[in-house]
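The exercises below are meant to be worked through with the sequence and the coordinates side by side. Each one sets a task and then gives a solution in steps.

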Amino acid sequence: MLDVLVIGAGFSGLQAAYSAQQAGLSTAVVEARDRVGGKIWSVPLASGRGYAELGGAWINNSLQPRVWKYVERFGLEVVTQRLEGTAVMQETQDSRLEFPFGVSPDWSEAEKNNLAYIRDHIQAESLKPGLPSAQDDNVSLDQYVRNLGALPKVANMVNLWARVMHGVESTEESAAWFIDYCCRNKGLLAIRADDSTGGQYMRFKDGAQSIAEGIARLVGAQNIHLGSPVASVNEHGSHVSVVTRDGRTFNARKCILSIPSTMYKELSITPGLPQPVQEVTDGTVLGDYNKAIVCYDRPWWRSEGFNGYFASYAGPVILARDTSVDERNHFSLTCFVNGQPGRDWSKLCPHERRAVVIKQIAKIFKADANSEAFRPIEVFDQVWKHEEFSRGALAPIHALGHLTKYASVYGKPVGNLHFVGTEYSTEWKGYMEGALCSGERGAREVVEAVKKVPSKL
């Protein structure tokens, strides 16, 4: 009989297991995939020049202490996000604006002022303590900003934020959920920033998955069971039994579930979760959050004066960044294909997906038919909705009204079941740091619960 069994070897599950071990509890982890890391997945390039980050990639050394502690502990190398050069905004298929990175596009004075007003309003709301109001939870983000007087271009910009941050349209998440997400991430400006003040400041030279692999080593390979999808979770009062699809049974006094809440309904949990917990978790959705990573022999866009950053209302790519690691001779553009454009793009065949991305890159950076834009050395694409054990990314999004209605039960223990994941984090929700934070919290819950009821076995 284990003290605690963790389902899921993503960052939150691994951290929960490690923290529980450090507190003296016997621990095991079962993971459906044949690797650790969850939605952090670093794939080595065929060229040998580094890794393509198919999942989460960015960290901040000063604002995210947990992940940075592991960077130092494991001796990992990082690179700061390159910002120098001209950025591009694609407003329609046939119109684009070039502007210095960090400066608003050259809109009319009224549109710039309106954008600043909406941005500053959401920033101020996101810095207030506590949950937003139920009223704001029952209106979509799109309607919320239109009620504030958002002009058409500004409403489009807010929709771009929703696509980039969550993989949904601004009509598909509540204003309260968006504001609360910003609140847990030091405000809207910190989420959006690519410099030292924000969440997109640094990347790993040799892959973010190296953090997960490092924590897994601390937990011990003998305690982590890969390739073990869970079929059922059975609460017995004194303990929990977890049965995998291949028929193995694990018994533990406590079980930590470290999978997205959207996926709880895919497990057979006996007895069923309480009705409010079932309703709120059944109502969560994961965004259409996809990546196309295009690798080149050299960073040709820089010689044209561009820094590799572009945003687009037209799509299919809605945002891209230069994700090169110059020291590894690795030069790439990472393209996010999210929200409705991501849904449409994901239905294409792989070669079609890659072709439309490359064509858009060429158009954005004014490349002609002979440009290196059309001669990548490697191309990756990742559709997280297609992943059986992910079902999308980043953090599950509540149905309208559910954030405030179910705040008292969401993420709270149910009997011997405890729930962790970046979605539950009070800090840096949706990021690696948030997953580690939630894992720590879940382990504390279990340790305190186990101490209250000493084992009789």
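**Exercise 1. Describe how helix α1 packs against α15 in this predicted model.**

Solution. Begin with the geometry: the axes of α1 (residues 11-22) and α15 come within 7 Å and cross at roughly 40 degrees. Next, take the handedness, for which the model gives a right-handed crossing as α1 passes α15. Then list the residues that meet: α1 contributes Phe 11, Ser 12, Gln 15, Ala 16, Ser 19 and Ala 20, while α15 contributes Met 432, Ala 435, Leu 436, Gly 439, Glu 440 and Ala 443. Sorted by class, this contact holds 7 nonpolar, 4 polar and 1 charged residues.

**Exercise 2. Determine how α3 and α7 are oriented to each other, and which residues form their contact.**

Solution. The axes of α3 (residues 109-126) and α7 (residues 175-183) come within 8 Å, and their crossing angle is roughly 70 degrees. Since angles of 65 to 115 degrees count as roughly perpendicular, α3 and α7 are therefore roughly perpendicular to each other. As for handedness, α3 passes α7 in a right-handed crossing. On the α3 side the contact involves Ile 122, Glu 125 and Ser 126, and these meet Phe 178, Ile 179, Cys 182 and Cys 183 of α7. By class, the contact consists of 5 nonpolar, 1 polar and 1 charged residues.

**Exercise 3. Locate the two non-glycine residues Asn 329 and Trp 428, which have positive phi, and decide for each whether it is buried or partly exposed.**

Solution. Take Asn 329 to start with: its phi is positive, at about 60 degrees, although the residue is not a glycine, and it lies in the loop between β17 and β18 (331-336). With a relative accessible area of 36%, Asn 329 is partly exposed. Turning to Trp 428, its phi is also positive, at about 50 degrees, and its place is in the loop between β21 (417-419) and α15 (432-452). The relative accessibility of Trp 428 is 2%, and because buried means under 20%, Trp 428 counts as buried.

**Exercise 4. Characterise the surroundings of Ser 210.**

Solution. Ser 210 is found in helix α9 (residues 209-219), and its relative accessible area of 15% makes it buried. Leaving aside residues up to four places away in sequence, Ser 210 touches Phe 74 and Leu 76. Ser 210 and Ser 42 are 168 residues apart in sequence, yet their C-alpha atoms are 8.1 Å apart in space.

**Exercise 5. State the domain division of the chain and describe the contact of domain 2 with domain 3.**

Solution. The domain assignment gives domain 1 (2-38 + 208-273 + 414-452), domain 2 (78-83 + 199-204 + 289-386) and domain 3 (102-192). Taken over C-alpha atoms, the centres of domain 2 and domain 3 are separated by 25 Å. Their contact takes 14 residues from domain 2 and 16 residues from domain 3.

Definitions and conventions. Residues numbered from 1 in each chain as written. Predicted model: local features only at pLDDT ≥ 70, side-chain atom pairs only at ≥ 80, totals over all residues. Heavy atoms only, no water. Helix = DSSP H or I, 4+ residues; strand = E, 2+ residues; numbered from the N terminus. Buried < 20%, exposed > 50% of the residue type's maximum accessible area, 1.4 Å probe, protein only. Axes fitted to C-alpha atoms, helices over the stretch in contact; angles between N-to-C directions. Parallel < 35°, antiparallel > 145°, perpendicular 65-115°, else oblique. Left-handed = near helix turned anticlockwise from the far one by under 90°. Contact = heavy atoms within 4.5 Å. Nonpolar A, V, L, I, M, F, W, Y, C, P; charged D, E, K, R; others polar. Domains from an automatic or database assignment.
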